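Visitor: I'm new to this one. Could you show it to me and let me ask how you know things?

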Amino acid sequence: MTHPPSVLSVSWGGPESGYDITRQMAANVCFQKLGLAGISILTASGDEGTGKQGSFIHPCKKFDPLYPASSPYVTAVGATYLQKNKADGADLAERGWSSSGGGFSAVFSQPAYQRAVVQRYVKSNKLPAQQYWNASGRATPDISAVGTCYSIVSGSKPLGTLSGTSASTPTFAGLISVINDMRVAAGKPTLGFLNPVIYIELPSQSNPAAEVS
């Protein structure tokens, strides 16, 4: 491909435990190559919270984040929603969507670019028992965007609304595409791998979860 797209939006994925580890590692090499080529990969973090290994019959054994969002070489996108200010009903506040996927990888180590932010988050919040998640694993999502109540229109006909990280991910991808267009017009390269840039200013912030979103 002579002119590949500078932004890839990925809305598919599955439980990390369901993918062969050697294939995940091989995919990581490809993700790194794309990042170095100036291509940003944005993946949905999922719509089932932490995910889990187990079933309705068998109790949860461990949390199970979504792959490929759990790869440290992609940007995992979560979802938020807008809520009216209770005081005046005019201003909108952005809140975390309860179904938005996220968690800690059992396969990939926590990358240096997010370590300080994640460790501070772990220390400052009451989290589930350690037996269910890997504190030293790659944490997701990296960033969030509004992902609820998107209007669906097909053939000029409204078909209702849709919510999920499969909506917030292409939304954020569109924003990155606009930034890339502006950079190219100014004679600058495209952004490529985003995560180090996303986290670079966060160690000085008091609330990393709020700042990333």
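Visitor: Let's start with Leu159: in which strand does Leu159 lie?

Guide: Leu159 sits in strand E11, which covers residues 157-162. Keep in mind that this is a predicted model.

Visitor: Why is Leu159 called exposed?

Guide: Its relative accessible area is 57%, and exposed means over 50%, so Leu159 counts as exposed. Together with Ile152 and Leu162, Leu159 forms a nonpolar patch on the surface, and the three have about 250 Å² of accessible area together.

Visitor: What makes Cys30 partly exposed?

Guide: Cys30 has a relative accessibility of 45%. Buried would need under 20% and exposed over 50%, so Cys30 falls in between and counts as partly exposed. You'll find Cys30 in helix H1, residues 21-36. Cys30 and Tyr73 are 43 residues apart in sequence, yet their C-alpha atoms are 9.2 Å apart in space.

Visitor: How do you know that the length of helix H2 agrees with what it should span?

Guide: H2 runs over residues 112-124, which is 13 residues. At 1.5 Å a residue they should span 18 Å, and the end C-alpha atoms are 19 Å apart, so the two agree. The buried residues of H2 are Gln114, Val117 and Val118.

Visitor: And how far does H3 reach from its first C-alpha to its last?

Guide: H3, with 21 residues, reaches 30 Å, close to the 30 Å expected at 1.5 Å a residue. After H3 comes Gly187, with a positive phi near 80 degrees.

Visitor: Which residues of H3 are buried, and what do they pack against?

Guide: The buried ones are Thr165, Ala167, Ser168, Thr169, Phe172, Ala173, Ile176 and Asn180. They pack against several strands, including E1 (7-10), E3 (40-44) and E5 (75-84). Strands E9, E10 (150-154) and E11 are also among their partners.

Visitor: Which residues make up the largest nonpolar core?

Guide: There are 12 in all: Val7, Leu42, Val77, Val117, Ile143, Ala145, Phe172, Ala173, Ile176, Leu194, Ile198 and Tyr199. Strand E9 (143-146), helix H3 (165-185) and helix H4 (195-199) each give two or more residues to this core. H3 has the largest share of it, with three residues. A second, separate core has seven residues, among them Val10, Ala27, Tyr67 and Phe108.

Visitor: What is Tyr199 in contact with, leaving aside its neighbours within four places in sequence?

Guide: Tyr113, Gln114, Val117, Pro141 and Asp142.

Visitor: What makes Arg138 and Asp142 a salt bridge?

Guide: The closest N and O atoms of Arg138 and Asp142 are 2.7 Å apart. The cut-off is within 4 Å, so the pair qualifies as a salt bridge. In general, side chains of opposite charge can pair when their charged atoms come close. The structure holds one salt bridge.

Visitor: Are Arg138 and Asp142 buried or exposed?

Guide: Arg138 is buried, and Asp142 is buried too.

Visitor: How many helices and strands does the protein chain have?

Guide: Five helices and 11 strands. The chain has 213 residues, and 35% of them are buried. It exposes about 12,300 Å², with carbon and sulfur atoms supplying 58% of that.

Visitor: And what share of the contacts with a separation of 6 or more links residues 24 or more positions apart?

Guide: That share is 73% in the protein chain.

Note on methods: Residues are numbered from 1 along each chain as its sequence is written. This is a predicted model: local features need pLDDT of at least 70, side-chain atom pairs count only at pLDDT 80 or more; totals for chains, interfaces and linings use all residues. Side-chain values use heavy atoms; hydrogens and water are left out. Helices (H or I, at least four residues) and strands (E, at least two) are DSSP runs, numbered from the N terminus. The expected span of a helix is 1.5 Å times one less than its number of residues. Buried means under 20% relative accessible area, exposed over 50%, partly exposed in between (1.4 Å probe, protein chains only). Patches are made of residues with over 30% relative accessible area and no salt bridge: like charges are joined within 9 Å, nonpolar side chains (Val, Leu, Ile, Met, Phe, Trp, Tyr) within 5 Å. Accessible areas come from the Shrake-Rupley method with a 1.4 Å probe; for residues, only the protein chains shown count as cover. A salt bridge is a side-chain nitrogen of Lys or Arg within 4 Å of a carboxyl oxygen of Asp or Glu. A nonpolar core is a set of buried Ala, Val, Leu, Ile, Met, Phe, Trp, Tyr and Cys residues joined through side-chain atoms within 4.5 Å. Contact means heavy atoms within 4.5 Å.
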